[in-house]
Amino acid sequence: MTVRPPQALAPSFTKETGLNILEYELMSERADALGRHGLKVEKALAVLAERLAAGCGEGEREDLLDDAADKVWAFFIQREMCGLRSQKDAVRRYGIPPEVIARLGIVRRKPESRS
């Protein structure tokens with residue numbers, strides 16, 4: 001014999017209301033964005049590792065580190081929006097180098113364009 005609680009005591013998230021459907025859609029979008037940011041991080045770190053192994057110049061190295069740091073920073077912000085506060089597992093999973101971690105959140109000047 002199974003006992004089921006009265007419907008009045010059932011959790012409200014099981015009911016199909018407009019708010020719950022919207023929350024589901026928002027969670028889906030957050031997860032999708034997190035996946036896209038993760039792919040960008042993987043790509044930026046792969047390019048960085050490949051170019052460093054090939055012996056790129058100092059200027060290119062700096063640009064690649066800055067690009068990777070920007071991608072990781074955006075990824076960490078997206079993780080926090082999804083409720084994932086600790087970044088330790090992401091650093092370990094993606095193998096984010098300390099040089100990239102040290103550059104997170106730094107606002108760099110953009111080169112002035114001369115028109």
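Is R108 buried, partly exposed or exposed? In this predicted model, R108 is partly exposed, with a relative accessible area of 27%, where buried denotes under 20% relative accessible area, exposed over 50%, and partly exposed the range in between (1.4 Å probe, protein chains only). Local features were considered only at pLDDT of at least 70 and side-chain atom pairs only at pLDDT 80 or more, whereas totals for chains, interfaces and linings use all residues. Residues are numbered from 1 along each chain as its sequence is written, and side-chain values rest on heavy atoms, with hydrogens and water left out.

The chain contains 4 helices and 0 strands, arranged along the sequence in the pattern α-α-α-α. Helices (H or I, at least four residues) and strands (E, at least two) were taken as DSSP runs numbered from the N terminus. Confidence is expressed as pLDDT, the predictor's score for each residue from 0 to 100. The chain averages a pLDDT of 86, and 81% of the residues score at least 70. Confidence is lowest in α1, at a mean of 91, and highest in helix α4 (residues 98–101), at 96.

Of the 115 residues in the chain, 23% are buried. The chain exposes about 9000 Å², of which carbon and sulfur atoms supply 57%; these areas come from the Shrake-Rupley method with a 1.4 Å probe, and for residues only the protein chains shown count as cover. Among contacts (heavy atoms within 4.5 Å) with a separation of 6 or more, residues 24 or more positions apart account for 64%.

In soluble globular proteins, nonpolar side chains tend to be buried together. A nonpolar core was defined as a set of buried Ala, Val, Leu, Ile, Met, Phe, Trp, Tyr and Cys residues joined through side-chain atoms within 4.5 Å. The largest such core has 18 residues, and L45 and V100 have the most contacts inside it. Helices α1 (18–53), α2 (58–81) and α3 (88–94) each supply at least two residues of this core, and α2 gives the most, with 7 residues. Apart from its neighbours within four places in sequence, L45 is in contact with A68, Y94, I96, P97 and V100.

Charged side chains form a further set of interactions. With a salt bridge taken as a side-chain nitrogen of Lys or Arg within 4 Å of a carboxyl oxygen of Asp or Glu, the count comes to 12 salt bridges. One of them joins the side chains of R51 and E60, at an N to O distance of 2.7 Å. Both partners are partly exposed, R51 having a relative accessible area of 29% and E60 a relative accessibility of 31%.

The side chains of R61 and E99 also meet in a salt bridge (2.0 Å, N to O). This pair links distant parts of the chain, with R61 in helix α2 and E99 in helix α4, 38 residues apart. R61 counts as buried at 18% relative accessibility, whereas E99 counts as partly exposed at 37%.

R108 forms a salt bridge with D70, the closest N and O atoms being 2.3 Å apart. Because R108 lies in the segment after α4 and D70 in helix α2, this pair ties together parts that are 38 residues apart in sequence. D70 counts as partly exposed, at 42% relative accessibility.

D66 is likewise placed in helix α2 and is buried, with a relative accessible area of 16%. When residues up to four places away in sequence are not counted, D66 touches R103 and R108. A network of salt bridges links E58, R61, E62, D66, D70, E99, R103 and R108.

A search of the whole structure finds 0 disulfides, a disulfide being a pair of cysteine sulfur atoms within 2.5 Å. With regard to individual cysteines, C56 is buried, with a relative accessible area of 16%, while C82 counts as partly exposed at 29% relative accessibility.

The loop between α2 and α3 contains S86, a partly exposed residue with a relative accessible area of 41%. The C-alpha atoms of S86 and F76 are separated by 9.1 Å, the two residues being 10 residues apart along the chain.
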